Amino acid sequence: METMRHTPTHGFRRLASIAMLVALESLPATASAQGDSFPSKPIRVVVPYPAGASTDLLARVVGQSMSKTLGQPVIVENRPGAGGIIAAEFTARSAPDGYTIMMTSAGILTNNPSMYKKLPYDAAKDFAPITIAAELPLVVVVNKSFAANNFQELLAMTRKEPGKVTYGSAGTGTSQHLAGELLKSMAKIDMLHVPYKGGSPAMADLLAGQIPVMFVQTASALPQMRNGKVRALAVGSPQRNPLMPDVPTIAESGVPGYDSDTWYGYIAPAGVPQPILARLHSAIVAGLKENKDKLTNDGYVVDGGTPQAMAAAIKADTAKWGGIIRAAGITADQ
């Protein structure tokens, strides 16, 4: 009777099959181990604005808590310029290992694609959302000697002399600028936009009386409001701000449905393994919870939601603000 010979090829195939099965069975354990062993070195948080900006302050406060949770230093690295493009491109091209993440403003992901003809990053494909860290309600502030005593009076002034009232912003296409454009569109008014190279010089001119009106993040407005240098006429969020409960919303002051809230959030390069993203998310949320009282008092509305919620916000805000940008003809060259 003829017997089957055990050839070397047959044995190799059998060993290869066994090895493949072992590898497949170990995949979940390997993925879990990635999260368990992460991090083994310092983590870099890229911030697209200079030191002292609201994104920078938020990243540093949360970063200190993250360091304790993760057992590794969390280093904030400022890479300002070009409307956040420099920082976003750097982050997108970083290794997808979780050791480089970014504290982004909403506009870098939601506004830039509509303002720039060409970007060195794809906002929809090059990043993995981690969490929205905080919402930043905008407030309409005026120089303390400005004639309008409330928001309705401001609207009346803009209608009486279209294009005469100026408002300042941190720059073309920023959340402050677009808040003004949204108001112009919804209220059917005309105001003259004066862009600055950052929020600080715009606020300086507001205090000096060079411009009468500014849309500004609550975190930046509160110190000036508390020392009596500016007056708040209305907030851009759908609800009144608990830090200034007597200041009405724009929506209740004659422009129903107005909402110009913006947000800051954490993103990573696309391709970071899920267990590592989950570890980062957990550490960030813990840092937000630990510092909630301080951040709230500074004007931030702490979030810390899921990556899915952040992805949904990016999609919705891209549609909303993209429409405003196109309708107003805003480009990055302005």
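## Salt bridges: definition and basis of the model

A salt bridge is counted where a side-chain nitrogen of Lys or Arg lies within 4 Å of a carboxyl oxygen of Asp or Glu. In general, side chains of opposite charge can pair when their charged atoms come close.

The structure is a predicted model, in which local features need pLDDT of at least 70 and side-chain atom pairs count only at pLDDT 80 or more, while totals for chains, interfaces and linings use all residues. Residues are numbered from 1 along each chain as its sequence is written, and side-chain values use heavy atoms, with hydrogens and water left out.

## Salt bridges in the structure

A search of the whole structure finds nine salt bridges. In one of them, the side chains of Arg 79 and Glu 77 meet, with an N to O distance of 2.6 Å. Arg 79 is partly exposed at 27% relative accessibility, and Glu 77 is partly exposed at 22%. Arg 44, Glu 77 and Arg 79 are linked in a network of salt bridges.

Helices (H or I, at least four residues) and strands (E, at least two) are DSSP runs, numbered from the N terminus. Glu 181 forms a salt bridge with Lys 184, and their closest N and O atoms are 3.3 Å apart. Both residues lie in helix α7 (residues 175-187), three residues apart, which is about one turn of the helix. Glu 181 is buried, with a relative accessible area of 11%, and Lys 184 is buried as well, at 17%.

## Helices α2 and α10

Glu 290 forms a salt bridge with Lys 68, the closest N and O atoms being 2.8 Å apart. Glu 290 belongs to helix α10 (residues 274-290) and Lys 68 to helix α2 (residues 54-70), so the pair ties together parts that are 222 residues apart in sequence. Glu 290 is partly exposed at 47% relative accessibility, whereas Lys 68 is exposed at 59%.

Two packed helices are described by the angle between their axes and the distance between the axes. The axes of α2 and α10 come within 8 Å and cross at roughly 115°; axes are lines fitted to C-alpha atoms, for helices over the stretch in contact, and angles run from 0 to 180 degrees between N-to-C directions. Contact means heavy atoms within 4.5 Å. Residues of α2 that meet α10 include Leu 58, Val 62 and Lys 68, and among their counterparts in α10 are Ala 283, Ile 284 and Glu 290.

Strand β8 (residues 213-217) is mostly covered, with five of its five residues buried. Val 213, Phe 215 and Gln 217 point one way from the strand, and Met 214 and Val 216 point the other way.

Two strands pair if DSSP finds at least two bridges between them. Strand β5 (residues 138-143) is joined to β8 by five bridges, and the two run antiparallel. In this pairing, Leu 138 stands opposite Gln 217. Strand β6 (residues 166-169) runs parallel to β8 and is joined to it by two bridges. The bridge partner of Gly 168 in β8 is Met 214.

## Gln 224 in helix α9

Gln 224 lies in helix α9 (residues 218-226) and is buried, with a relative accessible area of 16%. Leaving aside neighbours within four places in sequence, Gln 224 is in contact with Met 203, Leu 207, Lys 229 and Val 230.

Terms used: Buried means under 20% relative accessible area, exposed over 50%, partly exposed in between (1.4 Å probe, protein chains only).
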